[in-house]
Amino acid sequence: MKKMAIVLAAGQGKRMKSKLYKVLHPVCGTPMVQHVLDMVQEAGCERSVVIVGHGAEMVQSVLGDKAEFVLQAEQLGTGHAVLQSRELLEGEAGTTIVICGDTPLVSKETVLAMLALHESSAAAATVLTAELPDPTGYGRVIRGEGGEVEKIVEHKDCNPQEAAVREINTGTYCFDNQKLFAALAKVTNSNAQGEYYLTDVIGILQQQGDIIQAYCTPDADEAIGVNDRVALAEAERSMRARIMKRHLLNGVTIIDPAATYIESSVVIGADSVIYPGTVLRGATSLGEDCVIGPHADITDTGIADGSIIHHSMLKGAQIGSRCTIGPYANLRPGSVLGDGCKIGDFVELKNATLGDGSKVSHLSYVGDAVVGKDVNIGCGAITVNYDGYNKFKTEIGDGAFIGSNVNLIAPVRVGDGAYVVAGSTITHDVPDSDLAIARERQVNKPGYADKIRSRAKAKKERQN
Ligand code: UD1
Ligand code: CA
């Protein structure tokens, strides 16, 4: 049967007390509504319609062309929100999943189980429910004597008996598409909040003799609907635990999952070991056998097999295999390392490519540079790439040796196999295999140290 999805994302989310629209708040690095949209698409929905209102443009630009969008200009309730997609979807035959943009933990597995129950029982509607120790704030699932679902009653409309029910509506449903739109036309706003509730569709269908099913998820965390920052923090905790479990089961060692932060988009190869205090974000991917942390902050970076990174910050970098980085290195965007490179303490790289086996072991800045293979850049050497207005490029050929405390004033090229003597300030290109020295010659004055010392001592005594 054809599957479609409607994602509700038009609300402002007043209880978040935020300038950011609710459904755009990230959970483990990904906006909530993005989690929801990705999930329904992975579950096989051919069309997905997102209902937007508050922050419509921003929500649309975050989700891009992966969905169709309908504007709900005024937020008159979840039923009214779904109704906005009537023109787009009314003609379709099939199953429509309706889901809220603020329930990022509903999983694909659960939705597929709900769909299977829905289709096998020829239901008009199936509600995804959960049993919560504290159901406050959620709509309650009211069942008849035979256990069949009769209706959903919103928290604010509950009588004491209904309020005591702990089975709640997660806000995710499967509907027979045609029956959904027919029933929506009958929903009114005579309730505590004066809103058109989507949940009333359940009672309407039940009244007209249709089959209503409920699929109760065993994982109550899936029900978390993020209305405020307390729930946001809970959602974050729960999703983080889920991400950790996925990596652990994939063969990654995470020494202390509670002290590690990994965003949902991150990929990690087997036998990599992650030490505490590590933050892995965005489009970061690690190969196998890497050792990361303690205390690595890595964003949008690719790291090949067997590299070791500790106490360092990497953003927008590409690291080859068997590299060692840190402690205290800062790799900024455009840092590209070949295999077997070494970047040591207090080294900053930016927009710099290093060939295989090159080393920058201590206290250097290498920016806007192309460095060949097996180059050694000594302690304190820097590329002088900026005149306050323009950036200039430094090139260093294969096998070159840059001594300690060298300034390479860009634009400049040091040839293959060249040798730059420590303390030099290089302003001209150095040809292949040449040695460059650019510093004052040393002069030793015999016995002069003692002379200076006694002169200084005498001066001090005169003053006393
Ligand atoms: C809703 C359900 C409740 C359920 C809970 C689960 C209704 C009436 N209630 O309550 O039974 O237990 O979710 O989390 O459906 N939205 C729109 N347009 C609107 C109103 C809301 O797009 O006019 C969107 C919101 O952006 C949000 C979602 O619908 O993403 C749910 O709305 P919200 O106000 O959070 O509903 P709840 O009170 O949480
Ligand atoms: Ca909600």
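This briefing describes the ligand site, the pockets and cavity, and a few backbone features of the structure shown above. The model is a predicted one, and the values given here are computed from it. Ligand 1 takes up the space of the largest pocket, and 24 residues surround this ligand. A second largest pocket holds about 560 Å³ of space, while the structure also has 1 cavity of 30 Å³ or more.

**The surroundings of ligand 1**

- Among the 24 residues that surround ligand 1, the closest are Gly11, Gln72, Thr78, Glu154 and Asn169.
- Glu154, one of those closest residues, places a polar side-chain atom 2.7 Å from an oxygen atom of the ligand.
- Taken alone, ligand 1 exposes 760 Å², and the protein buries 91% of that area.
- At least two residues of the shell around ligand 1 come from each of strand 1 (3-9), helix 3 (78-83) and strand 10 (167-176).
- Sorted by class, the shell around the ligand consists of 13 polar, 8 nonpolar and 3 charged residues.

**The largest pocket**

- The largest pocket, whose space is taken by ligand 1, contains about 1,200 Å³.
- Its lining is made of 38 residues, and those nearest the centre of the pocket are Arg15, Lys22, Thr78, Glu195 and Asn227.
- Strand 1, helix 3 and strand 10 are the elements that give two or more residues to this lining, and strand 10 gives the most, with 4 residues.
- The lining of the largest pocket divides into 21 polar, 10 nonpolar and 7 charged residues.

**The second largest pocket**

- About 560 Å³ of space lies in the second largest pocket, which is lined by 19 residues, with Glu42, Ser107, Lys108, Glu109 and Arg242 the closest to its centre.
- The elements that give two or more residues to the lining of this pocket are helix 1 (32-42), helix 5 (108-120) and helix 9 (229-249).
- Helix 9 supplies the largest share of the lining, namely 5 residues.
- By class, the lining of the second largest pocket has 9 charged, 5 polar and 5 nonpolar residues.

**The cavity**

- The largest cavity holds about 30 Å³ of space, and its lining is formed by Val366, Ile377, Ala381, Ile382, Thr383, Ile396 and Leu408.
- Of the residues in this lining, 6 are nonpolar and 1 is polar, with no charged residue among them.

**Backbone features in loops**

- Gly293 and Pro294 are joined by a cis peptide bond with omega of about 0°, and Pro294 has its place in the loop between strand 18 (291-292) and strand 19 (296-299).
- A cis peptide bond also runs from Gly326 to Pro327, with omega near 0°, and Pro327 lies in the loop between strand 24 (324-325) and strand 25 (330-331).
- Asp271 is a residue other than glycine with a positive phi, near 65°, and Asp271 is found in the loop between strand 14 (267-268) and strand 15 (273-274).

Terms used. Residues numbered from 1 in each chain as written. Chains lettered and ligands numbered in written order. Predicted model: local features only at pLDDT ≥ 70, side-chain atom pairs only at ≥ 80, totals over all residues. Heavy atoms only, no water. Near = heavy atom within 4 Å. Polar contact = N/O pair within 3.5 Å; in protein donor to acceptor, adjacent residues only side chain to side chain. Areas by Shrake-Rupley, 256 points an atom, 1.4 Å probe, with all protein chains shown as cover. 1 Å grid on protein atoms, 1.4 Å probe; cavity = no way out; pocket = protein on both sides within 12 Å on 5 of 7 lines; lining within 4 Å. Sits in = over half its atoms within 2 Å of the grid points. Nonpolar A, V, L, I, M, F, W, Y, C, P; charged D, E, K, R; others polar. Points joined across faces, edges and corners; volume = space filled by probe spheres on them.
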